[in-house]
Amino acid sequence: MTNFKQAIGVFVVASTVAMGAVADPVDDTLVLNEETTIVTRTAAPAHVADALDEVMSGWLFRGTETRAMQADDFDNPGMIFVEQAEDTWNTAEGTEGKSCADCHGASDEMAGVRPTFPKWNDAAEEVFTLEMQINDCRENRMGAEKWKYTGGDMVNMTALLASVSRGMPVDVAIDGPAQSTWEDGKELYYTRTGQLELSCANCHEDSYGLMIRADHLSQGQINGFPVYRLKNTKLNAVHDRFKGCIRDTRAETYSPGSPEFVALELYVASRGNGLSVEGPAVRN
Amino acid sequence: MAKGVKPRVKVPKKAAAGEAITIKTLISHKMESGQRKDDDGNVIPRSIINRFTCDFNGENVIDVTLEPAISTNPYLEFEATVPEAGEFKFTWYDDDGSVYEESKQIAIG
C-alpha cells in the first residue's frame with residue numbers, strides 16, 4: 001500500500017513537469033484587421049535585462065480561439081465598449097458644457113497618449129495614470145463629476161484611448177521626477193504578500209510559461225489593458241487585475257487608484273516598454 | 001425602449017459570382033431574459049431581440065428566431081452564396097416593437 005502511494009506521488013510530479021512544457025508561449029504573430037502588426041515579443045528593456053531576455057505579451061499565452069478573437073475588431077467584444085466611449089467622447093458634460101472632443105478633437109488624434117502613461121504631471125507633482133488624467137480633465141476643464149476609478153465609463157474611455165494607439169510601442173519614462181515612484185513600484189513587485197507569500201515576480205518572472213493550476217502563467221504584461229475577459233464578459237482595468245492577483249496571494253489588497261497601485265502600474269508598464277499597445281485585448 | 005442598441009455588420013466588399021461568403025452580424029442589446037428579479041423582488045420585464053432576418057436583393061437568406069436564453073449582444077455568423085451584385089439587408093426585431101435595419105452593398109469581381 002505504501003509503495004503504491006509513493007508510485008502515485010512520482011507519477012503526479014512527472015505529469016506536472018510535462019504539462020509545464022506544454023504551456024510555453026506560442027509562436028504566432030498578431031495582425032489586427034489584416035493591417036496592423038502588433039509587437040508581442042521583443043528584447044527586454046535595459047532595466048529588466050537582468051531578469052528577462054525577452055518580454056512577451058499575454059496574447060502569446062492564450063488559446064487559439066482567444067487569440068483569433070483579438071485579431072479582428074468585429075470579433076473583439078471589447079470594441080463594443082470602445083464604441084460606447086466614442087459616444088461619450090463627443091458628449092458635452094459638466095458646468096463648462098464641453099466634451100472631450102471640444103478640446104482634443106477626434107479621438108484618433110489621441111494616438112500616442114496611451115503608450116506614455118503613467119507619467120509625471122508637473123502641476124500635480126505626482127505620477128498620473130491615464131485614469132487620473134481623465135478625471136483631472138473632467139473636474140478642472142469640464143466641471144463634471146469624477147468617474148469611479150475602475151467604473152464602466154472610466155474603463156471604456158481608457159479602452160478608447162488605448163485602441164487609437166494600438167501598434168505603438170509602450171514607452172513610459174522611468175527616469176527624472178518619476179524615478180522614485182518607479183522604484184516604489186519595483187519594490188512592491190518584488191515584495192511577497194499574503195498567506196501564500198507570493199510576489200508578482202514569483203509567478204510572472206520566475207514561472208511564466210508554466211501552469212498555475214489549470215491556467216497558463218504569462219509575464220503579467222499590461223500592454224493589452226484594459227482587457228476584455230471572457231470570464232466576466234467586460235473590460236477590466238489594470239488596477240482591478242492587480243487587486244485580483246494580490247487577493248489570490250490571500251492578502252489584503254490596495255485599492256484601485258491608490259498611490260501603491262499607481263507606482264506598481266508604472267513599474268509593470270515599464271517592464272513592457274517596446275511591446276505594442278494592444279488594448280482592448282481579449283484574455284481568458 | 002431598450003437603450004444603446006446599435007447594429008453592426010461585416011460583409012466583404014466584393015465576391016466572385018456564386019461564391020459563398022461569411023457574414024458577421026452583431027447587435028448591442030441587453031437581452032433581458034424576463035427571468036431575473038431586481039433588488040426589490042420584482043420581475044424585470046423581458047426585453048430581447050426576438051427575430052433576425054437577412055435578405056439579398058429581396059430574397060430571404062436567413063430568418064432566425066431568438067429566445068430569451070441568448071446572451072447580451074447577440075452575434076450571428078452565417079454564410080451566403082452571392083449570385084450577383086446587390087444589397088444585403090439586415091433586420092432585427094425588438095420585443096418593444098422597434099425594428100433596427102442595416103444594409104451593405106456587395107460587388108462582383
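Helix H7 of chain A (residues 179–189) supplies three residues, the largest share of the negative patch. The patch is made up of Glu183(A), Asp184(A), Glu187(A) and Glu260(A). Patch members have over 30% relative accessible area and no salt bridge, with like charges joined within 9 Å; a salt bridge puts a side-chain nitrogen of Lys or Arg within 4 Å of a carboxyl oxygen of Asp or Glu. Helices here are DSSP runs (H or I) of at least four residues, strands (E) of at least two.

This is a predicted model, where local features need pLDDT of at least 70, side-chain atom pairs count only at pLDDT 80 or more, and totals for chains, interfaces and linings use all residues. Residues are numbered from 1 along each chain as its sequence is written, chains are lettered from A and ligands numbered from 1 in the order in which they are written, and side-chain values use heavy atoms, leaving out hydrogens and water.

Now for some individual residues. Buried means under 20% relative accessible area, exposed over 50%, and partly exposed in between (1.4 Å probe, protein chains only).

| Residue | Relative accessible area | Class |
|---|---|---|
| Glu187(A) | 58% | exposed |
| Arg241(A) | 29% | partly exposed |
| Asn57(B) | 39% | partly exposed |
| Asn73(B) | 21% | partly exposed |

Arg241(A) sits in helix H9 of chain A, and an unreviewed UniProt entry annotates Arg241(A) as "binding site".

Then there's the backbone. Most residues other than glycine have a negative phi, and most peptide bonds are trans. Asn57(B) has a positive phi near 50°, and Asn73(B) a positive phi near 55°. Over in chain A, a cis peptide bond joins Phe117(A) and Pro118(A), with omega about 0°. The bond from Phe225(A) to Pro226(A) is cis, with omega near -5°.

Note on methods. Patches are made of residues with over 30% relative accessible area and no salt bridge: like charges are joined within 9 Å, nonpolar side chains (Val, Leu, Ile, Met, Phe, Trp, Tyr) within 5 Å. Accessible areas come from the Shrake-Rupley method with a 1.4 Å probe; for residues, only the protein chains shown count as cover. Lys and Arg count as positive and Asp and Glu as negative; His and the chain ends are not counted. The place of a charge is taken as NZ of Lys, CZ of Arg, CG of Asp or CD of Glu. UniProt positions are given in the numbering used here, feature names are shortened, and annotations may be inferred rather than shown by experiment.
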